[in-house]
Amino acid sequence: MRFRRAARVILVGAPGVGKGTQSERLLARFPQLSAISSGDLLRHNVKNRTPLGIKVEKTMKTGGLVSDDLILRLISNELSQRGWLSGGRSNLMTLASSAASSELVGYPDSDAQSFVPGLDMDPNAGASLSAQASEDPTASFLLDGFPRTATQARRLDDIVPINWVVSIQTPLDVIIQRISSRWVHEPSGRVYNTSFHAPKVPGLDDITGEPLIQRADDKEEVYRTRFQTFQETSEPLLEHYAKKGVLWEVSGMSSDEISPKLYKEFERRFL
């Protein structure tokens, strides 16, 4: 099943709406889609002690928010390593090679936070999606975790134009009922729901047998605040993509109701 054109996709939805489920199902149904997650890129770079990861880790440890600049650097670096960007500096350096270089020239970790080759001099500065990747069906991806605001979206536009944005909508009372039934195995991140995906033994993880917990932000009063924040930030984000003609809205009471609609529209656009 070959795509007719490149798919560059973002899913937008309130916390608990099932965005993660739809992402997994899209990736499974359409293997040509690559998954690019800003959260995974952050964790990978922190774990591997790249110069960018060191800088990010320091920010997170002090309770700060990772800047848009750093997230965009992570994404552009990933796209560059896949060969999808053009127009950057000729001395292209990956995060991994940046880490090796900083060690070779004697930059200890503490110094790397202030200056390291390849971090303060962005090798992808000015780069954007190449003409070939723009049309190449193999350069298709689902971007997760970014952008979350219209400002971030405008900056992402300069690097890679997203050509399909899906707004997933489910009634608030349905989401609240869903998240109040959600239990998590914290070490692995496995999620259960007593309504439709219950653990084999109540309160215990299926794989390890360890206790499950309910996240504090899954409590109704906390969730309502999160939902309000999402509404405030997502409205201008969706408006931005609507003006570009790439926004598509889908609604349903459950993930199983939404998925077939999502598949059908994806196939109509890209197959």
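Biologist: How are α2 and α3 oriented to each other: roughly parallel, roughly antiparallel, roughly perpendicular or oblique?

Modeller: Two packed helices are described by the angle between their axes and the distance between those axes. This is a predicted model, where local features need pLDDT of at least 70, side-chain atom pairs count only at pLDDT 80 or more, and totals for chains, interfaces and linings use all residues. Residues are numbered from 1 along each chain as its sequence is written, and side-chain values use heavy atoms, leaving out hydrogens and water. Helix α2 (residues 38-47) and helix α3 (residues 51-61) pack at about 105°, with axes 7 Å apart. They are therefore roughly perpendicular (65 to 115 degrees).

Biologist: Which residues make the contact of α2 with α3?

Modeller: Contact means heavy atoms within 4.5 Å. From α2 come L42, N45 and V46, and from α3 come G53, V56, E57 and M60.

Biologist: Which side chain meets E57 in a salt bridge?

Modeller: A salt bridge is a side-chain nitrogen of Lys or Arg within 4 Å of a carboxyl oxygen of Asp or Glu. E57 pairs with R49 at 2.4 Å, N to O.

Biologist: How many salt bridges does a search of the whole structure find?

Modeller: The search finds 16. Among them, K19 and D144 meet at 3.7 Å, N to O. K19 is in helix α1 (residues 19-29) and D144 in strand β5 (residues 141-144), 125 residues apart.

Note on methods: Axes fitted to C-alpha atoms, helices over the stretch in contact; angles between N-to-C directions. Helix = DSSP H or I, 4+ residues; strand = E, 2+ residues; numbered from the N terminus. Parallel < 35°, antiparallel > 145°, perpendicular 65-115°, else oblique.
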